[in-house]
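My notebook is open, and I'm jotting down what I look up as I go. I'll begin with an interface, move on to strands, and finish with charged pairs.

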Amino acid sequence: MKKLAFLITGLTVALYGTILFAEPEAEQAAFKSYFHNKFPDVDKPDFINGVYALDSNAREQWMEIEEFPPYEIAIDEGEALFNNTRFTDGKSYGHCFGTRQHLRKKYPYFDNEKAQVVTMELAINDCREKHGAKPLEYKIGDLAKISAYLSYHSRGDVIDVIVSGPAAIQAYNKGKEYYYTKRGQLNFACVDCHVSSAGKRLRTEILSPSLGHVSHFPVYRLKWGSIGTLHRRFSGCNSQVRAKSQPGQSEDYRNLEFFLSYMSNDLEFNGPGVRR
Amino acid sequence: MAIKGKAKLRGEKVQVKLLIKHVMETGLRVDAETGNKIPAYHITEVVGSWEGKEVFRSNLGPAVSKNPYLSFQLKGPSVGDTISFSSVDNKGIKDSGAAVVK
Amino acid sequence: MTISIFSTSKLSIFGLCVFALNATANPTNPDFNALWLEVDSFRKAAGIQGHEWRDTAKILLGAKEEFKVGNSEKAFVLLSKARAESIASLAQAAREKKSWKRRVIK
Amino acid sequence: MSTEIDKAIGELYGHPPQASDLVKLKVPDIAENGAVVPISVSTDIENVESISIYVEGNPNPLAATFELSPYIVAAVSTRIKMGKTSNVVAAVYSGGTVYTATQEVKVTIGGCGG
């Protein structure tokens, strides 16, 4: 009898698990096929190039800038920071991360112990704090440079975010809710600009598709004149719809990154990038 | 060295590209906090040399983009040669860099 | 002279209207601080739900500054604007609790 | 071409400009962002001594000059700032003559990109 109860419990848990999983997987498939159907002329892997996958005039200028992109300076500076920083305990970033290669694809992931989404930028500051150093600013500057350097050495790796277990699914769902929720005085959700309106002009801009959004960060934006992280861009989006933006690595932004990255699974990382 | 250079042999020509870290302040922008104009601060001159000879010279104004990019083509250098660069801005601050022809 | 600067129609819907505000011409209206605190609490309530708007806090600060320098009329105009914003953002938060689900790509 | 640019070219080279198909100017019709507009100038004209770039709408139209040595092929590129839609002029100086090419670049003010 006890055995039977155990078995039933086990089955229930397994079944429950399957149901929980089914949702993100099905949502990912629907998300991808929406974009594939909307833009049948775009090669699937090309979605990592954002708006440049859709607009040839913009793509040509972008390619010219990519010939010798301004973010190369940031990569060099990020390399120096990553390799030369010695914390007060004598340790370096290498003690936290080991190799610099293929790091980007480990993030974002759901850390069950910490019960939260860990992004690469969060991990960089965790490393600093673990070794007695002050955390860096999350949206700009040195952290974005280190991120650029590490992203550069993960180019070509494939986005492979795993959403597994109830806590991770909860984080995914929170990210999803954030993505689809209207905010700000202009009453816009991420989905309003970057799904049905992707490829359309909003004033002078062509709106980029959400599929592949996370692949090319951090980016050197011509508008910024500097390199910035994904969360800097998130806060820019908030601000553009006149919603209060959040600090970098806020729980909402991390969950959003988790959701968006999962939506772009199987695409390649190609950061850092140049964007207008 | 903040001037990053790349030099690639393509056929008979060496394609030289360089990127210089510089704010290239136009002198027209206004500091939002103080209301004062931010003074012009930009690179004025970039020189490229090969085997001790000056082969390229460019004068830049503040209308060149932040982190200036320049590209030109050279006839003569071969793989392994060094092309060196130097720049100076309107405060007299100098910078340099080099690229080996690949 | 009495100027009604706050629209009360929206307020009653959300049960947030605890008073009908009629700012009087008295430049040292003693209620300003209480009203200000209330609008600020609306702003914070929207913020907790992730729905604070970009400029509400700025407008509220502006209202406080104007009141401090004795520019009461301007202060109340700004406070009214902040109030409208914070109430609309609370409404947005309430509405979005469910309506985001309709937008999920399936 | 504006008299302003004529004047700037006259000041630099001491000769008036003349439009020429031999000057190849490559700029976008619509700039992605006025802060960074890629521009390339090349020509088959021989013995080029100098190439210069002008932006009509900028307070100081002369953006950059390139002094060429015999080792240089007359093909240069850079990136320029443009405050508003205006003509961009490339001037090529050879043998006492200034040859020019002009093209309009539309500049739209940035909003959200990504």
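**Entry 1**

I looked up the area buried between chain D and chain B, and it is about 2,000 Å², with carbon and sulfur atoms giving 55% of that. This is a predicted model, so I'm keeping that in mind for every number here. In chain D, the residues that lose the most area to chain B are D:Tyr71, D:Arg79 and D:Lys81, and together they make up 33% of what that side buries.

Next I checked who touches whom: 22 residues of chain D are in contact with 27 residues of chain B. How many salt bridges cross the interface of chain D and chain B? I found zero. Polar contacts do turn up there, in 16 residue pairs.

Then I asked which elements of chain D touch chain B. Strand S6 (62–68) and strand S7 (72–80) of chain D are the elements that give two or more residues to that side. S7(D) supplies the largest share, eight residues. Sorted by class, this side of chain D has 14 nonpolar, five polar and three charged residues.

**Entry 2: strands that pair up**

I followed S6(D) across to the other chain. S6(D) and S4(B) run antiparallel and are joined by five bridges. In that pairing, I see B:Phe56 standing opposite D:Leu68 in S6(D).

Strand S2 (residues 23–26) of chain D runs antiparallel to S4(D), with four bridges between them. One partner pair I wrote down is D:Lys24 with D:Ser42 in S4(D). S7(D) is antiparallel to S4(D) too, and six bridges join them. There, D:Val37 stands opposite D:Ile80 in S7(D). A reminder to myself: in a regular strand, side chains alternate between the two faces of the sheet.

**Entry 3: charged pairs**

Side chains of opposite charge can pair when their charged atoms come close, so I went looking for such pairs. Over all chains, the count is 31 salt bridges.

I started with one between chains: A:Lys244 and C:Glu52 form a salt bridge, 3.7 Å from N to O. A:Lys244 sits in the loop between helix H9 (230–240) and helix H10 (251–263) of chain A, while C:Glu52 is in the loop between helix H2 (32–48) and helix H3 (56–68) of chain C. Which of the two ends is covered? A:Lys244 is partly exposed at 44% relative accessible area, whereas C:Glu52 is buried at 6%.

Then I turned to chain B. B:Arg29 and B:Glu25 make a salt bridge, with their closest N and O atoms 2.6 Å apart. B:Arg29 is partly exposed at 48%, but B:Glu25 is buried at 11%.

Another pair in chain B is B:Glu45 with B:Arg57, at 2.4 Å between the closest N and O atoms.

I found A:Lys244, C:Asp40, C:Arg43, C:Lys44 and C:Glu52 joined into one network.

Methods:
Residues numbered from 1 in each chain as written. Chains lettered and ligands numbered in written order. Predicted model: local features only at pLDDT ≥ 70, side-chain atom pairs only at ≥ 80, totals over all residues. Heavy atoms only, no water. Salt bridge = Lys/Arg side-chain N within 4 Å of Asp/Glu carboxyl O. Buried < 20%, exposed > 50% of the residue type's maximum accessible area, 1.4 Å probe, protein only. Contact = heavy atoms within 4.5 Å. Buried area = accessible area lost by both parts, 1.4 Å probe. Polar contact = N/O pair within 3.5 Å; in protein donor to acceptor, adjacent residues only side chain to side chain. Nonpolar A, V, L, I, M, F, W, Y, C, P; charged D, E, K, R; others polar. Pairing = 2+ DSSP bridges.
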